Amino acid sequence: MNRLEMPAIKRRDALIACAATAAAAQATAATQTASAPVATTRGAAPTPVSLTVNGQQRKLELDTRTTLLDALREHLHLTGSKKGCDHGQCGACTVIVDGRRINSCLTLAVMHEGAQVTTIEGLGTPQQLHPMQAAFVKHDGFQCGYCTPGQICSAVAVLDEIKQGIPSHVSTDLAAQPLLSLMELRERMSGNLCRCGAYSNIVDAMAEVGGAA
């Protein structure tokens, strides 16, 4: 029986065939992409949001996905509150909402319709500092200053928490009035990070304002 002899394929011919196949495939894909309908994404209509910020009523028209931090910084131009990690881990964006401190990067502005919001700009002015701001200056509670607005807002709220009898993780008796101790202050401020390491000075400032120094 005679063997069928296969024609020899040269390497050059094989490369040319592969290149031609690839070019044809690309042309087909490009044609299909061009003929496919283009999907369009239409954003939702802005939602009206009313906030009382630093004692002033402010009315905004916001995308429902806008965080409170972006509403303050980008729409109201209150840039004291800082965007640090944008994940609620550093505390640089801390503001006081209805008397409680929150990370404004983790909450949506539309969730706080009618709320009272206090930022660092609402605590004091360069001419008339809030006692906590003055204490931070006195005790050198900041270095680069980036986290300082969040630190001060959190510090003010911490002293109010202690006055209201709200316990913390280190409170020994949950039913008793929390002590204004250094341990309490350090624990309650643990969510505010200072990359410059001014923690001891921050606690000293808080202790003075709280009456423990």
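Author: His130 touches Leu123, Gly124 and Val156, leaving out residues up to four places away in sequence (contact: heavy atoms within 4.5 Å). A caution: this is a predicted model, where local features need pLDDT of at least 70, side-chain atom pairs count only at pLDDT 80 or more, and totals for chains, interfaces and linings use all residues. Residues are numbered from 1 along each chain as its sequence is written, and side-chain values use heavy atoms, with hydrogens and water left out.

Reader: Where does His130 lie?

Author: In the loop between helix 3 (120-123) and helix 4 (131-138). Helices here are DSSP runs of H or I, at least four residues, numbered from the N terminus.

Reader: What does the side chain of His130 reach?

Author: The backbone nitrogen of Met132, at 2.9 Å.

Reader: And what is Met132 in contact with, beyond four places in sequence?

Author: Ile152, Ala155, Val156, Leu159, Ala205, Met206 and Val209.

Reader: Switching topic. How do helix 5 and helix 7 pack?

Author: At an angle of about 40°, with axes 11 Å apart. The axes are lines fitted to C-alpha atoms over the stretch in contact, and angles run from 0 to 180 degrees between N-to-C directions.

Reader: Which residues make the contact?

Author: Gln151, Ala155, Val158 and Leu159 of helix 5, with Ile202, Met206, Val209 and Gly210 of helix 7.

Key. Helix = DSSP H or I, 4+ residues; strand = E, 2+ residues; numbered from the N terminus. Polar contact = N/O pair within 3.5 Å; in protein donor to acceptor, adjacent residues only side chain to side chain.
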